[in-house]
Amino acid sequence: MPSRRSPFQPRVSGPAAVMLATAVWVSGLPCAATRGFAQEARKREVVAVAVLDSYADVKKQLTWLGQQIDNPALAGLLESTIMLATQGKGEAGLDVRRPIGMVVTSDGIDVGVHGCVPVKDLDKLLDSLQGMTGKVEKSGQKRRLALPSGMDLDVVERDGWAIVGQSGRDVPGEDPLGMLEPLAGEYSLAIKAFPSRLPEGLKALLQNALRQMAQSAAAEGRPVDADALAAAIDGIGSL
């Protein structure tokens, strides 16, 4: 069992998970209003940070879990799956000792989502994934992937991190390690969210989603605390 901390300490709240999923969805939508402001310099703030343990720690935890559920091959299953997906290249190029994360940012108008993958050799990592991502085009310090789904992704390497996002999105200026490490030091899986930094339209979406969940619960005969619901809805604007 990993000695750093107890395995599997998730920190994912319902509203935070809804917010993150909404942000991911909205980041892929074409938006005329967003394009109209493209030339205006606006400060982007971090709306949410999600982090998952390093690959090495995940393997340790799966080894421990496999012992508890009488499935000692559980960690090996993960490794076999990765070997198949990478055509035998495994975790080539990946820094297996650092956490993997995602950062959601907003300038008050649009939302951007970027993955943060620790790398030792970005080109080796991308080469191992070409069976799933397709051809990689390189232009200066940027790599571009055209996924089979039709989505284009940009990959930028910065200080040992591959920062992955939808093409055309600004890369966050913050150091990924500084945002991810505090959470990764305490939790295996964590999401830290700041809903008050979302664009007003997304705040309204979240508030309506909470109301709808409460209505559905009431219709199924489950009690709803009106005060707690009101506090949750009002809190979206201040958290």
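Biologist: Is Ser188 buried or exposed?

Modeller: The test is relative accessible area: under 20% is buried, over 50% is exposed, and in between is partly exposed (1.4 Å probe, protein chains only). Ser188 has a relative accessible area of 5%. This value is under 20%, so Ser188 counts as buried.

Biologist: From which number are residues counted along each chain?

Modeller: This is a predicted model, in which local features need pLDDT of at least 70 and side-chain atom pairs count only at pLDDT 80 or more, while totals for chains, interfaces and linings use all residues. Side-chain values use heavy atoms, with hydrogens and water left out, and the numbering along each chain follows the sequence as written, starting from 1.

Biologist: Which residue does the side chain of Ser188 join through a polar contact of 3.1 Å?

Modeller: Ser188 is found in the loop between α7 and β9 (189-193); helices (H or I, at least four residues) and strands (E, at least two) are DSSP runs, numbered from the N terminus. A polar contact is a pair of N or O atoms within 3.5 Å; within protein, one must be able to donate a hydrogen and the other to accept it, and residues adjacent in sequence count only if both atoms are side-chain atoms. At 3.1 Å, the side chain of Ser188 has such a contact with that of Gln61.

Biologist: What is the distance between the end C-alpha atoms of α3?

Modeller: Gln61 is one of the buried residues of α3, a list that also includes Tyr55, Val58 and Leu62. The expected span of a helix is 1.5 Å times one less than its number of residues. For the 14 residues of α3 this gives 20 Å, which agrees with the distance in the model, also 20 Å.

Biologist: Which helix is included in what covers the buried residues of α3?

Modeller: Contact means heavy atoms within 4.5 Å. What covers the buried residues of α3 includes one helix named here, α4.

Biologist: How many residues apart in sequence are the parts that Glu79 and Lys59 tie together?

Modeller: A salt bridge is a side-chain nitrogen of Lys or Arg within 4 Å of a carboxyl oxygen of Asp or Glu. Glu79 and Lys59 form one, with 3.1 Å between their closest N and O atoms. Glu79 lies in helix α4 (residues 74-85) and Lys59 in helix α3 (residues 55-68), so the parts they tie together are apart in sequence by 20 residues.

Biologist: In which loop does the salt-bridge partner of Asp127 lie?

Modeller: The side chains of Asp127 and Lys89 meet in a salt bridge of 2.7 Å, N to O. Asp127 belongs to helix α5 (residues 122-128), so the pair ties this helix to a part 38 residues apart in sequence, the loop of Lys89 between α4 and β3 (100-106).

Biologist: What relative accessible area does Arg143 have?

Modeller: Arg143 forms a salt bridge with Asp123, the closest N and O atoms being 2.9 Å apart. Asp123 lies in helix α5 and Arg143 in strand β6 (residues 142-146), so the bridge ties together parts 20 residues apart in sequence. Asp123 is partly exposed at 39%, whereas Arg143 is buried, at 5%.

Biologist: Which residue of β9 is the bridge partner of Val51?

Modeller: Two strands pair if DSSP finds at least two bridges between them. Strand β2 (residues 45-52), with six of its eight residues buried, runs antiparallel to β3 over seven bridges, and Val51 stands opposite Gly101 there. β2 also pairs with β9 in the antiparallel sense over five bridges. In β9, the partner of Val51 is Ala190.

Biologist: What arc do the buried residues of α7 cover around the axis?

Modeller: The buried residues of helix α7 (residues 176-184) are Pro176, Met179, Leu180, Leu183 and Ala184. They lie on the same side of α7, because the arc they cover around the axis is only 115°. The arc is taken over the directions from the helix axis to the C-beta atoms, and its value is 115°.
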